[in-house]
Amino acid sequence: MKRWFMAIALAWAAPVFAQPVEQARQAEDASCEAEEAALEREMDLARSRGQMLRRRQLAETLAALRTRCHGSEAQQSRAARIDKLEQEIRALRSELERAEDQLRDLRNQRP
């Protein structure tokens, strides 16, 4: 009789114990999403101002945040990592070309 009572009590209480863990996980996910969004906005701002070093630093911070927040989910296949790096290289080259165009325009302006 005692075992049945304990089993029923544990079965009834299990969802109550799981709720704080689930709520904490949801809060952590929301926090991670907010931090990611803030970093992405800062990266866009740095890109628009031509601050490529700042943008790169923010990208590294964002990668570390995603690794911390997503853990093993963030592990990608080799092909996916290659694609991501190629995409980043294209974006950086595009930024470099834009910065070079701006520099060329400034040099061609009359003092």
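Predicted model: local features only at pLDDT ≥ 70, side-chain atom pairs only at ≥ 80, totals over all residues.
1. E36 is buried, with a relative accessible area of 12%; buried means under 20% relative accessible area, exposed over 50% and partly exposed in between, with a 1.4 Å probe and protein chains only. The residue belongs to helix 1, where helices are DSSP runs of H or I with at least four residues, strands are runs of E with at least two, and both are numbered from the N terminus. Apart from its neighbours within four places in sequence, E36 is in contact with L62, L65, R66 and H70, contact being heavy atoms within 4.5 Å.

2. Residues are numbered from 1 along each chain as its sequence is written, and side-chain values use heavy atoms, with hydrogens and water left out.

3. The chain has 3 helices and 0 strands, and its pattern along the sequence reads α-α-α. Of its 111 residues, 13% count as buried. Among contacts with a separation of 6 or more, 53% come from residues 24 or more positions apart.

4. The structure holds 1 disulfide, the term denoting a pair of cysteine sulfur atoms within 2.5 Å. C32 is joined to C69, with an S to S distance of 1.9 Å. Because C32 lies in helix 1 (residues 2-48) and C69 in helix 2, the pair ties together parts that are 37 residues apart in sequence. The torsion about the S-S bond of C32 and C69 is about -85°, so the disulfide is left-handed. Both cysteines are buried: C32 has a relative accessible area of 3%, and C69 has one of 15%.

5. The axes of helix 2 (residues 52-70) and helix 3 (residues 78-108) come within 11 Å and cross at roughly 160°. Axes are lines fitted to C-alpha atoms, for helices over the stretch in contact, and angles run from 0 to 180 degrees between N-to-C directions. Helix 2 is therefore roughly antiparallel to helix 3, a class for angles over 145 degrees, with under 35 roughly parallel, 65 to 115 roughly perpendicular and the rest oblique.

6. On the residues of this pairing, M52, R55 and R56 in helix 2 meet E88, L92, E95 and L96 in helix 3. The contact of helix 2 with helix 3 divides into 3 nonpolar, no polar and 4 charged residues. Ala, Val, Leu, Ile, Met, Phe, Trp, Tyr, Cys and Pro count as nonpolar, Asp, Glu, Lys and Arg as charged, and the others, Gly among them, as polar.
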